Amino acid sequence: MYNPQKAADRIKSALADKGISAKKMCEDCNLGVNTISNIRNGDVKNVEIFTKIADYLDISLNWLCGLSEKKSDKLNTYADFYNLIIEISKVTDMYIFDLHPQYQSNVPVLYFNDTSCAIFFKDFRKMKALYDNGTIDDDIYNLWREKILSKKENQAQLGNADKLPDNEFTFNSDDTLPF
């Protein structure tokens, strides 16, 4: 449940962690100088203000509002990454298997039986390669990312997309990789 006192305390805590003054944050976010006091008093109900603050401080909006104990939505630890994989597995067909030992031992492969995921990963590999080799810069890479995410935001929810044909991803009889 939202607690305005807790939200104000969390803003102050995040500001201290970042070494930023409340005045500077308010200036940079085009907010009034009394914003934190107004939040503490329960006078701020506009989600845009909370979103600006969370984005500026690079913290989770849910944490800021006291709805989560997880300060950031970013993957900072292996536990964060493992939890993400577990959550993804709940909403789409995902299979995990090891590559054949002749290729490299202990290399797990994630396979998503979902056309949208398959297309995304194919495009992502291409864009990531272009980014990694310096062909495109941060701006182009982030524009692609924003375009893909906004396009996918309006598509079917995970788990409701078309499935790949059963024979789309199988190993050949000579044990070579299918790509």
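Colleague: Is Phe 120 buried, partly exposed or exposed, and what is its relative accessible area?

Modeller: Before I answer, please note that this is a predicted model, in which local features need pLDDT of at least 70 and side-chain atom pairs count only at pLDDT 80 or more, while totals for chains, interfaces and linings use all residues. Residues are numbered from 1 along each chain as its sequence is written, and side-chain values use heavy atoms, with hydrogens and water left out. Buried means under 20% relative accessible area, exposed means over 50%, and partly exposed lies in between, with a 1.4 Å probe and protein chains only as cover. Phe 120 therefore counts as partly exposed, because its relative accessible area is 28%.

Colleague: How many aromatic pairs does the structure hold, and of which kind is the pair of Phe 120 and Phe 121?

Modeller: Rings of Phe, Tyr and Trp (its six-membered ring) pair if their centres lie within 6.5 Å, and planes under 30 degrees apart count as stacked, over 60 as edge-to-face and the rest as tilted. The structure holds 7 aromatic pairs. In the pair of Phe 120 and Phe 121, the centres are 5.3 Å apart and the planes are at 65°, so the pair is edge-to-face.

Colleague: Of which kind is the pair of Tyr 141 and Trp 144?

Modeller: Tyr 141 and Trp 144 both lie in helix α8 (residues 138-153), 3 residues apart, about one turn of the helix, where a helix is a DSSP run of H or I with at least four residues, numbered from the N terminus. Both Tyr 141 and Trp 144 are buried. Their ring centres are 6.1 Å apart and their planes are at 35°, so the pair is tilted.

Colleague: Which residues do ring pairs link into a cluster?

Modeller: A pair of aromatic rings is described by the distance of the centres and the angle of the planes. Here, ring pairs link into a cluster Phe 120, Phe 121, Phe 124, Tyr 131, Tyr 141 and Trp 144.

Colleague: Where is Leu 64, and which residues does Leu 64 touch, not counting those up to four places away in sequence?

Modeller: Leu 64 has its place in helix α5, and it counts as buried because its relative accessibility is 0%. The C-alpha atoms of Leu 64 and Ala 7 are separated by 5.3 Å, although these residues are 57 residues apart along the chain. With contact meaning heavy atoms within 4.5 Å, and leaving out residues up to four places away in sequence, Leu 64 touches Ala 7, Arg 10, Ile 11, Phe 50, Ile 53, Ala 54 and Ile 59.

Note on methods. Helix = DSSP H or I, 4+ residues; strand = E, 2+ residues; numbered from the N terminus.
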